[in-house]
2 protein chains.
Amino acid sequence: VAGFTEDELLEVIRRLLAEDAPGVMLGLGDDAALVEMGSHLGILTADMMVEGVHFDRGTVSASDLGYKALAVNVSDVAAMGGSPRYGLVSLGLPEDIEASWVVELYGGLRDAAGEYAMAVVGGDTSRAERLVVSVAVTGEVARGGAVTRSGARPGDRVVVTGALGASAGGLKLLQAPPHDVVQTVSSDWGRTLLNSHLRPAARVGEGQTLAQSGATAMMDVSDGLAKDLGRLCEASEVRAAVVLDDVPVALSLKELADVLPDVEPLALALEGGEDYELLATLPPTAVRRAASKLAERFGTQLTDIGEIREGRGLVAIESDGKERPLEPRGWDHFSG
Amino acid sequence: VAGFTEDELLEVIRRLLAEDAPGVMLGLGDDAALVEMGSHLGILTADMMVEGVHFDRGTVSASDLGYKALAVNVSDVAAMGGSPRYGLVSLGLPEDIEASWVVELYGGLRDAAGEYAMAVVGGDTSRAERLVVSVAVTGEVARGGAVTRSGARPGDRVVVTGALGASAGGLKLLQAPPHDVVQTVSSDWGRTLLNSHLRPAARVGEGQTLAQSGATAMMDVSDGLAKDLGRLCEASEVRAAVVLDDVPVALSLKELADVLPDVEPLALALEGGEDYELLATLPPTAVRRAASKLAERFGTQLTDIGEIREGRGLVAIESDGKERPLEPRGWDHFSG
């Protein structure tokens, strides 16, 4: 869009859509919308993947694409503390697509639906010049159980599940010259990075446990830690300080950096997108208990990476204790 | 898709997606999916509009496009006898799109949301080479109140709301040489045709009334009467006989045929798509009462156009009483 970033465009759209419609608890601007739906709250989210922007058919299989298209929506439901229920999948298909490719795509969708105990129930198909996969997912959460981006308070700790940067590392690998890729796909660390990018895991159980553990704000890391934490701070009207040494950098990125010298692991962890880990804020007293529950129930690490302060914006705390502004940079679907 | 019609592709997808997932009452293959959702049944539907396939930016305003993108989904909810509740809108936007265009599009979405007492609560935006508008809508219907395509029984009458072919006539007008368009846009009938194509009305109240009147099967006419009635018959495993003289042809098509000699009003009524009128089957004793309710409550005409018989396929009954096969032809999003 001429002269607009994605965030600016979303802000324009947000202003246009009234949030006071009956039944709407929370509209645009969070991971998902919250609506009245029977005895529970309904969670509604959608995500569009476009060939040439989000993926290339040459480097991703139809099955992985289907899996990921559903998983990234499930991640948005997880980021509200909810459970996914139903999916709708609309496909824009170029004329050269083979039916077997569409069948494989649905195989991946079905894998993900099974993984997250949900069902794909419909959608639409159309011709299109470039491939488009547009998914909408409904989920649910008990009344009072949803966690949005806007509840972080000064004094809260900032926590993140798992490790960051692996998906961006996998993308670098896919875009690397063929001889580098051949070197690495047979290694465990290479496959770990590729898998993080091609079949990301949505943290549904972890999201519910964090919600029950008293998370004051939560979102998934889809556009990079710095950018998404910036959004959380803006929604909560607070400032965050991130201890750079504490950011959990995916271990495989060190091995990637040996093969591809332009890879900086910490930069990928801070600014690489599509990790789909959960970023949350918790009262200080709740962190240890939440971390041990996540380790016990899901084998998932929870890392304390900093604190919420009064003010606005982000700061990075260096190894020597010095603070510097942290730019909320990351993946932008318009400029990126 | 190489060598596949839309119906063939849908059939492949249908076989791939298990319908026995918990909570799924009805999956792919009807106007919308039916799912467990609290005390009501949830209705889920999605529709994708692609530039160059469904519309051209040169002949449709952003506002009309937004209106129609939501209305066609609402029509699918109406065709189940339900009420629309929430919408998700995902946009694929080319780089040359102006922000003002996106604002206008949302203006049209908001108009339609207001018209149908629902709310657009979220979605996604992405870059894309050609414009894509992908909408998902949730709705609801009381348990036992949903009408699918598969309940038509031999002896039922076939009925349709409103008049048919106006939308296809409007499209012909948009594609006609400029001097013909200039002649007609100032006329009432020209504006009626254009409006039917650009801002189609979804028959929400009519769908609920038909459901309450005992409709045994129902769907919206989106791809043309012959094609959609063919689908209804296939889903219900019955045959339909249509009295051609009784098909309600939009009156303005006669005036259009004077200006554009290649226009055949009855052909457009039978095979032109995007009317979004409701096609239903009713027991013979229920037709008169349903028709008077629709006239009284909504000023909408209900026309008896034929009967359901044992067997499969469609027949047309000519003026002289002779019967001939009726091809289920119409709009195909892959070949059309």
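**View 1. Buried side of helix α11 of chain A.** In α11(A), the residues A:V287, A:A290, A:K293 and A:L294 are buried, that is, under 20% relative accessible area with a 1.4 Å probe and protein chains only, whereas exposed means over 50% and partly exposed lies in between. Because these residues cover an arc of only 130 degrees around the axis, they are on the same side of α11(A); the arc is that of the directions from the helix axis to the C-beta atoms. The model is predicted: local features need pLDDT of at least 70, side-chain atom pairs count only at pLDDT 80 or more, and totals for chains, interfaces and linings use all residues. Residues are numbered from 1 along each chain as its sequence is written, chains are lettered from A and ligands numbered from 1 in the order in which they are written, and side-chain values use heavy atoms, with hydrogens and water left out.

**View 2. Surroundings of helix α11 of chain A.** Helix α11(A) spans residues 287–298; helices (H or I, at least four residues) and strands (E, at least two) are DSSP runs numbered from the N terminus. From first C-alpha to last, the 12 residues of α11(A) reach 16 Å, close to the 16 Å expected at 1.5 Å a residue, the expected span being 1.5 Å times one less than the number of residues. The buried residues pack against β7 (157–161), α7 (204–212), β10 (278–282) and β11 (302–309) of chain A, where contact means heavy atoms within 4.5 Å. The face turned away from the buried side carries the exposed residues A:R288, A:R289 and A:E296. Just after the helix, A:G299 takes a positive phi of about 65 degrees.

**View 3. The buried lysine B:K293.** B:K293 lies in helix α11 (residues 287–298) of chain B. This residue is buried yet has no salt bridge, defined as a side-chain nitrogen of Lys or Arg within 4 Å of a carboxyl oxygen of Asp or Glu. The nearest side chain of opposite charge, B:E296, is 8.7 Å away. Not counting residues up to four places away in sequence, B:K293 touches B:T209, B:S213 and B:F298.

**View 4. Strand β6 of chain B and its partners.** In strand β6 (residues 132–141) of chain B, 9 of the 10 residues are buried, so β6(B) is largely enclosed by the rest of the structure. Strand β3 (residues 40–50) of chain B runs antiparallel to β6(B), joined by 10 bridges; strands pair if DSSP finds at least two bridges between them. B:A46 has B:A136 as its bridge partner in β6(B). Strand β4 (residues 83–93) of chain B is also antiparallel to β6(B), with 9 bridges, and B:Y86 is partnered there by B:T138.

Notes
Lys and Arg count as positive and Asp and Glu as negative; His and the chain ends are not counted.
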